[in-house]
Amino acid sequence: MSALTNPSSPRYNSSNARSSRRPALVALPNTARVRSPQLFILSTLIIGFLAIGLANLLMTVATSTGVYQVASLKATKQKLALDTQILDQQVTSLSSNQNLSNAAAVLGMVSNSTPVFLNVSQQKVYGTPAAAVATNYTRFGKSLVPNAAMTAKTQANALKAAVAEENAMATAPIKSVAIPVKSNQTRTVSDAGQNAKANAASRVTTANSPGSQVVLSGGIPAAPNH
Amino acid sequence: MKNEPSTIQEIRFRRLRGLMVLVLLAFVWQLVNFQVVQSDQLNKKSFNLRQVVDTIPAVRGNIEDADGNILATTVIGHNVTVDQTQVLPFDRKVKGQTQTVSVLQAVHQIAETLKMRPKLVYQAVKGSARYSIIAKGIDGVAYRNLIKLDIPWIYFENVPKRVYPNGALAGNLLGFMGSEGTALDGLEYSQNSCLAGVDGKETYEKGADGIKIPSSTQITVQPKPGGTLVLSVKSDLQYFAQQAMSSAVLSERADWGSAIVVEAKTGKVLAAAEYPSVDPNDPGATKAADRGSRVFQAVFEPGSTLKTITAATAIDLGKATPESRVLAPQTRYVTRQHIAISDSHVHPTQKLTLTGVLRDSSNTGISYIGERVPYSVRAKYWQLFGLGQRTAVNFAGEGSGIIHATAPDDLTVYTSMFGQGMSVTPIQTAFLYQTIANGGVRLSPKLLLGCRQADGSVTQVEKTISPVRAIKASTARSTIDMLEKVVETGGIGHTASIPNYRIGGKSGTAQIKEGRGYGALHAISFIGMAPADNPRFVVAVTIYKPRTIGNSLGATPYFKAIMGQLLRMYAIPPSTTKSANIAGDW
């Protein structure tokens with residue numbers, strides 16, 4: 001620091017110094033640089049504002065589209081949740097004991113009170129097989145156990161018709177069980193009629209393949225003849 | 001530093017600055033005042049004004065059977081509400097055409113969709129209330145159909161709804177909930193602490209207009225969902241047994257019937273069926289008296305099924321063997337007053353062994369065996385067999401039955417030998433025979449396997465008593481041998497037999513007290529076990545006051561059906577051994 005300078009104000013002093021130096025700094029392309037900070041700041045501000053404005057506009061547009069999308073997706077979600085709930089209810093209704101037992105009764109199913117067990121390793125049959133007989137104690141025509149939650153029911157008649165159709169296809173080949181059939185040979189189901197489908201035939205073929213064949217004699221299943 | 005203001009501007013500036021400092025100080029003071037001095041008081045005041053605390057209801061847990069089949073669950077139901085001030089005719093677009101729908105038309109459409117009487121809907125809609133409920137907890141289908149009606153003045157609220165997918169299956173055990181979501185009966189009630197869970201809490205801020213301020217919601221306490229209650233019941237078997245008992249009670253025009261299936265070696269209750277049964281989805285459809293569980297609650301005099309216990313007691317004390325001989329007359333006069341006890345069937349005096357006494361269910365015969373043991377000793381045995389006390393299940397409203405430690409009169413000394421003058425519950429009768437089937441050791445009934453929490457841990461919810469040895473293992477074996485002869489050779493007993501299986505059991509035809517004497521109707525029962533060489537299952541069937549049949553022939557077919565189903569279900573192979581060779585006559 002110079003002791004000769006006016007000590008009243010260093011700031012004043014320095015500005016004074018700058019102004020006194022000024023002529024020495026003339027005539028260089030620096031003029032652009034001198035103007036440029038202002039212009040730069042101004043242009044940055046304008047561009048910035050414009051950019052912000054644009055971004056704002058874009059975001060508003062994006063958000064509002066998003067809001068509509070969210071709303072529509074929410075509605076879809078609600079609808080799907082309701083559908084799921086309804087389908088759930090149908091599944092539980094259809095799988096309830098009441099519905100299954102009613103459907104079984106329509107199909108004429110009876111629980112057999114004389115079970116028979118086959119012991120494969122000992123080649124023995126336990127129990128005396130007998131046809132399942134519908135008695136008051138084994139067959140209950142209709143479910144007697146109420147269920148207010150059961151809203152969906154098996155279409156029993158449609159089920160019956162479907163089973164009848166299945167039987168029509170399957171019974172004919174079974175009648176000719178006595179004729180030995182080689183497992184790899186596709187059976188021609190002549191007595192079942194021309195319309196019998198191939199899958200029914202193949203099912204019967206599998207049932208007659210060696211290994212699962214059981215020869216019936218006197219109503220009691222004998223050991224498989226290997 | 002110079003304090004002298006140099007210019008007028010500077011003076012003004014300083015004044016302004018001073019003013020601003022003052023204002024600032026005032027603000028600071030107020031700030032300190034609000035934030036420190038009055039903070040608590042003000043916070044409380046404002047919090048109450050805008051902060052709202054709501055409970056988040058915890059989802060009630062499911063009830064499952066032993067195999068995980070759902071017996072009770074909670075789904076979303078919908079309340080249908082109406083703003084009565086808005087109830088006006090409205091326009092509806094149908095296929096591009098606008099139709100005006102009158103209020104009455106709308107009411108009828110709502111009624112049709114909800115399967116309600118139009119009058120009830122109309123009552124809910126009419127008036128000037130801003131909020132009125134048309135229907136509570138409607139299901140998804142009805143809800144969807146109602147939305148399709150597009151009625152501008154009805155609104156919906158989601159509410160939890162308890163659903164029992166299998167209806168009345170085990171309904172009397174499950175109990176039911178009230179319309180306000182409170183547990184009212186059965187396991188729903190007694191196991192509420194397992195099922196209910198703990199409600200959560202959420203707070204949010206509310207604007208002056210009472211509207212929730214978005215994104216102000218804070219969950220302060222997470223709701224804890226209820227646990228899953230697991231029963232030992234097998235629902236397929238339970239269903240079969242319920243079908244059987246429904247059929248029995250309806251065809252025999254009885255008051256009620258019950259069938260209990262117990263796993264002999266564990267005490268697990270695999271089925272506890274009864275009729276009339278309650279559908280917890282709609283408890284109102286069942287008479288109030290039929291909504292409980294008679295399996296645990298009904299008390300009745302057991303009758304001849306108790307002869308087995310009299311015989312076992314005598315054998316256990318060495319006072320009799322299965323082949324002890326008695327002369328059984330048609331009628332025997334007992335007590336100082338010479339009161340007659342008689343057999344139900346007419347017969348000349350018979351030479352019977354104890355086995356023969358059980359086979360023919362002779363009252364006079366058992367009286368000669370029973371009197372070898374003093375009444376008070378027999379009463380102690382009843383206690384060991386679990387009579388006169390509630391089971392450890394402690395079912396809501398469970399009965400204990402009555403046994404007298406000392407004989408109330410001379411006649412009861414004798415009648416108690418064949419199960420009169422005392423009372424039992426159906427579950428107790430099943431465990432009399434469980435004790436015998438389990439080598440003389442009585443277990444506590446296990447109806448609940450536990451309460452399973454969300455993390456998979458299972459807690460015991462049922463008290464268990466330690467096993468009680470009532471009789472020696474050898475006594476139990478002898479008793480089973482005699483019970484087998486009842487089923488093999490008994491007039492009624494053989495109707496309970498299942499070909500190829502060793503079955504042991506005993507019938508009962510008990511008189512029912514009415515006023516001072518006994519009425520004309522009976523409580524018939526059959527309790528048995530299989531396979532008798534190593535019993536796994538006990539089935540106890542009771543039918544109360546059948547009107548088309550007067551003896552236990554009305555119970556045996558159902559015992560047989562249920563036992564047969566059980567043997568099939570568990571694939572129990574037919575017996576390969578024969579029953580013990582004991583003579584019934586001499």
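**Start at Lys472(B)**

Select Lys472(B): with a relative accessibility of 43%, this residue counts as partly exposed. You are looking at a predicted model. Asp316(B) is buried, at 7% relative accessible area.

**Move into helix H17**

Select Glu484(B) and Arg502(B). Their side chains meet in a salt bridge, 2.7 Å from N to O. Glu484(B) is in helix H17 of chain B and Arg502(B) is in the loop between H17 and strand E21 (504-514), so the pair ties together parts 18 residues apart in sequence. Both Glu484(B) and Arg502(B) are buried. With Glu484(B) and Arg502(B), they are linked in a network of salt bridges.

**Cross to chain A**

Over all chains, a search of the whole structure finds 19 salt bridges. Select Asp83(A) and Arg144(B) for one whose side chains meet at 2.8 Å, N to O. This pair crosses between chains, from helix H2 (residues 30-94) of chain A to helix H5 of chain B. Arg144(B) is partly exposed, with 30%. Side chains of opposite charge can pair when their charged atoms come close.

**Look down helix H3**

Select residues 103-114 of chain B, which make up helix H3. Now color the buried residues of H3(B): Val103(B), Ala106(B), Val107(B), Ile110(B), Ala111(B), Thr113(B) and Leu114(B). View H3(B) along its axis. The buried residues fall within an arc of 165°, so they line one face of the helix. An α-helix has 3.6 residues a turn, so residues three or four places apart point the same way.

What do the buried residues of H3(B) pack against? Show these elements of chain B:

- strands E4 (90-94), E5 (97-101), E6 (132-138) and E7 (154-163)
- helices H4 (118-125) and H5 (140-149)

Then step just past the end of H3(B). There, Lys115(B) takes a positive phi of about 55°.

**Step across to Val121(B)**

Select Val121(B), in helix H4 of chain B. Val121(B) is buried, with a relative accessible area of 0%. Show its contacts beyond four places in sequence: Val107(B), Ile110(B), Ala111(B), Met116(B) and Ile134(B).

**Finish on the surface**

Select Leu16(B), Leu19(B), Met20(B), Val21(B), Leu22(B), Val23(B), Leu25(B) and Phe27(B). They form a nonpolar surface patch with about 820 Å² of accessible area together. Center on Leu22(B), in helix H1 (residues 8-37) of chain B. Leu22(B) counts as exposed, at 55% relative accessibility.

Now zoom out to chain B. Its secondary structure comes to 18 helices and 23 strands. Of its 586 residues, 53% count as buried. The accessible surface of chain B comes to about 27000 Å², and 54% of that belongs to carbon and sulfur atoms.

Key
Residues numbered from 1 in each chain as written. Chains lettered and ligands numbered in written order. Predicted model: local features only at pLDDT ≥ 70, side-chain atom pairs only at ≥ 80, totals over all residues. Heavy atoms only, no water. Helix = DSSP H or I, 4+ residues; strand = E, 2+ residues; numbered from the N terminus. Buried < 20%, exposed > 50% of the residue type's maximum accessible area, 1.4 Å probe, protein only. Areas by Shrake-Rupley, 256 points an atom, 1.4 Å probe, with all protein chains shown as cover. Patch = residues over 30% accessible without salt bridge, like charges linked within 9 Å, V, L, I, M, F, W, Y side chains within 5 Å. Salt bridge = Lys/Arg side-chain N within 4 Å of Asp/Glu carboxyl O. Expected span 1.5 Å × (residues − 1). Arc of directions from axis to C-beta. Contact = heavy atoms within 4.5 Å.
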